[in-house]
Amino acid sequence: MTTAPTGLRTDELLGRADPVGLPGLERELAGDPLFRAVSPEGLLVLTVRGSQLPPWALDLVYRFRLVQYVRRGWADAAAVASRGLRTEPYDAFALRDFHTLVIEEGTGWLRGYGTLAAARDESALPLGDPGHRPFVVERDYALRLADHLGAGTSSSRVWEGKRLVRDDAMPRSQAAVSVPRWVYLAWATACLEVLGDEGAAIVGDGKIEGAVRQLRLLGFSTRTLDADPVEPDPADLFAPMWDQQERSYPFVLTDEGALRPTLAYLRSVLTSGAEGSVRARLVDFMEART
């Protein structure tokens, strides 16, 4: 479970590569998905564990992740090519993670993605245990989640959200507009599942006026942490991601009762095919509840 030996050329990664296709994926899933829906625009939306995906599909999922980050300038295209990477490097922990996939039914092309990643500890450990392997947000901001969630909190109750993206090459259409909303809905459904454990939390990072605002609209109780990012290692494949004007902040997400009804409402809006701003509807829904 590693990267293939023959890499993609930089020009392929920057826009001339074919879309990532997952035709017939649903027939090869091991067990029922946590989330499944088909949108009015013909998008198949799934959230599954990595262990439910056939190996060929998991490999393509990590190729999609890499290509999307290179195209956005968040990964070093030259480094990807020089290292001979065809996919983002991954290991057996990917089998534990939840993967949200938005696939065009007609073409089989993967158009949207998000992940909810489990702890990288081999077995559950308290966050304050010296043997705990830091989450990415702990590493990137030099913080200890033990200081914010409690040293005795099991790492198995903490999950990390990241990589919520739409295919950068997707043509403009109503389907393209709806992809990010479907990603958030299906991904947040996995969050709802894991937040059922006492003391559970979702962690990650994002911009206040971007991802953090969207997460609040979805019904998450959202707490940002005032921590500066660590200066990236220039050799890090994803070092370019930190070269942005707007600052990102670490966050902690919990559920105080608003998540389930908001997600149910969002699903009803998306499946209705009604035109108009989904964000405006969510704002109205949130204000009506407060």
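Rings of Phe, Tyr and Trp (its six-membered ring) count as a pair if their centres lie within 6.5 Å; with planes under 30 degrees apart they are stacked, over 60 they are edge-to-face, and the rest are tilted. By that rule, this structure, which is a predicted model, holds seven aromatic pairs.

**Two ring pairs**

Start with tyrosine 62 and tyrosine 90. Their ring centres are 4.3 Å apart and their planes meet at 15°, so this pair is stacked. The two come from distant parts of the chain, 28 residues apart: tyrosine 62 belongs to helix H2 (residues 55-71), while tyrosine 90 is in the loop between helix H3 (77-82) and strand E3 (98-104). Are these two tyrosines buried or exposed? Both tyrosine 62 and tyrosine 90 are buried.

Now for tryptophan 187 and phenylalanine 220, which form a tilted pair. This one also links distant parts of the chain, 33 residues apart, with tryptophan 187 in helix H6 and phenylalanine 220 in the loop between helix H7 (208-217) and strand E7 (221-224). Buried means under 20% relative accessible area. Tryptophan 187 comes in at 2%, so it counts as buried, and phenylalanine 220 is at 5%, so it is buried too.

Here are the two pairs with their values:

| Pair | Centre to centre | Angle between planes | Type |
|---|---|---|---|
| Tyrosine 62 and tyrosine 90 | 4.3 Å | 15° | stacked |
| Tryptophan 187 and phenylalanine 220 | 6.0 Å | 55° | tilted |

**A cluster and two arginines**

Ring pairs can join up as well: they link Tyr69, Trp74 and Phe238 into a cluster. Which rings have an arginine over them? The charged end of arginine 72 sits over the ring of tryptophan 74, 5.9 Å from its centre. Arginine 163, meanwhile, lies over the face of tyrosine 69, 4.2 Å from the ring centre.

**The second largest pocket**

Helix H6 turns up again here. The second largest pocket has a volume of about 190 Å³, and 15 residues line it. Gln174, Ser178, Ala274, Gly276 and Val278 are the ones that lie nearest its centre. Which helices each supply at least two residues of the lining? They are H6 (174-194), H8 (259-272) and H9 (278-289). H6 gives the largest share, with five residues.

Key
Residues are numbered from 1 along each chain as its sequence is written. This is a predicted model: local features need pLDDT of at least 70, side-chain atom pairs count only at pLDDT 80 or more; totals for chains, interfaces and linings use all residues. Side-chain values use heavy atoms; hydrogens and water are left out. On a 1 Å grid over the protein atoms alone, a cavity is a set of points where a 1.4 Å probe fits but cannot get out, and a pocket is an open set with protein on both sides within 12 Å along at least five of seven lines; lining residues have an atom within 4 Å of a point. Grid points are joined across faces, edges and corners, and a volume is the space filled by probe spheres set on the points. Helices (H or I, at least four residues) and strands (E, at least two) are DSSP runs, numbered from the N terminus. Buried means under 20% relative accessible area, exposed over 50%, partly exposed in between (1.4 Å probe, protein chains only). A charge sits over a ring if NZ of Lys or CZ of Arg is within 6 Å of the ring centre and within 35 degrees of the ring normal.
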